[in-house]
Amino acid sequence: MNLHDAERLAVSLMQEHGLFEQGWRFRWSTGKRQLGAAHVRHVRDRRTGRTTDIKTIRLSHHLVLLNDEAEVRDTILHEIAHALAGVERGHDARWRAVCRRIGARPQRLAGEHVATVAGRYHVICPRCSRTLAQRHRRPARTWRQRAYCRHCGPDTIGKLQLRDARL
């Protein structure tokens, strides 16, 4: 789905459910692991001591470009359900009821069918050549010294290789 259509869809669904009147806003994120998020940030004014809530629904522009309209729509509705039920409630029964009412799938995680961005760094077992993990950031050396291949056993501790997918 293209970004312009996704933003129009998000804004229209947020208007339909009255989120702008409640102080919510829409923003893009640069995340590569999370298609959408609903977040409330409490900001305290140092002079007055008054706390203001900044309520935001975000969509990852990386993942919107990789997925179809149905998946993006369901993600937007998922986040709207968080806004309506209360972000602090998580994925409880009230949130699931709101999901059903507004037409979202009441599932915590998107399924395997959702397209994701491949990680830049691949952790590979030198013995069986399996890719054990993909990371967007370079894993710490200490992590690689403790990790091992589940298929080859603990004698691969400290022997895993790190490959940069861009090279």
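Is Ala37 buried or exposed? Ala37 has a relative accessible area of 19%, so it is buried, where buried means under 20% relative accessible area, exposed over 50% and partly exposed in between, with a 1.4 Å probe and protein chains only. The model is a predicted one, in which local features need pLDDT of at least 70, side-chain atom pairs count only at pLDDT 80 or more, and totals for chains, interfaces and linings use all residues. Residues are numbered from 1 along each chain as its sequence is written, and side-chain values use heavy atoms, with hydrogens and water left out.

Ala37 belongs to strand 2 (residues 36-44); helices (H or I, at least four residues) and strands (E, at least two) are DSSP runs, numbered from the N terminus. Not counting residues up to four places away in sequence, Ala37 touches Thr56, Ile57, Arg58 and Glu79, contact being heavy atoms within 4.5 Å. Between Ala37 and Glu79, which are 42 residues apart along the chain, the C-alpha separation is 6.1 Å.

Phe26 counts as buried because its relative accessibility is 8%. Its contacts, residues up to four places away in sequence not counted, are Glu7, Ala10, Met14, Phe20, Ile57 and Leu59. The C-alpha atom of Phe26 lies 5.7 Å from that of Thr56, 30 residues apart along the chain. Ser29 is also found in strand 1, and at 18% relative accessibility Ser29 counts as buried. Beyond its neighbours within four places in sequence, Ser29 is in contact with Arg58, Leu59, Ser60 and His61.

The ring centres of Phe26 and Trp28 are 5.2 Å apart and the planes stand at 80°, so the pair is edge-to-face. Trp28 counts as partly exposed, at 26% relative accessibility. Elsewhere, the charged end of Arg135 sits over the ring of Trp143, 4.9 Å from its centre; the criterion is NZ of Lys or CZ of Arg within 6 Å of the ring centre and within 35 degrees of the ring normal.

Helix packing comes next. Two packed helices are described by the angle between their axes and the distance between the axes. Helix 3 (residues 69-85) and helix 4 (residues 93-102) pack at about 125°, with axes 9 Å apart; axes are lines fitted to C-alpha atoms, for helices over the stretch in contact, and angles run from 0 to 180 degrees between N-to-C directions. That makes helix 3 oblique to helix 4. The contact involves residues including Leu77, His78 and Ile80 of helix 3 and Arg94, Trp95 and Val98 of helix 4. Helix 1 (residues 3-16) packs against helix 3 at an angle of about 35°, with their axes 10 Å apart. Here Ala6, Leu9, Ala10, Leu13 and Met14 in helix 1 meet Glu69, Val72, Arg73, Ile76, Leu77 and Ile80 in helix 3.In this scheme, angles under 35 degrees count as roughly parallel, over 145 as roughly antiparallel, 65 to 115 as roughly perpendicular and the rest as oblique.

Most residues other than glycine have a negative phi. Ser129, although not a glycine, has a positive phi of about 65°. Ser129 is placed in the loop between strand 4 (121-124) and strand 5 (131-135), and counts as exposed at 57% relative accessibility.

Notes:
Phe/Tyr/Trp six-rings, centres within 6.5 Å; stacked < 30°, edge-to-face > 60°.
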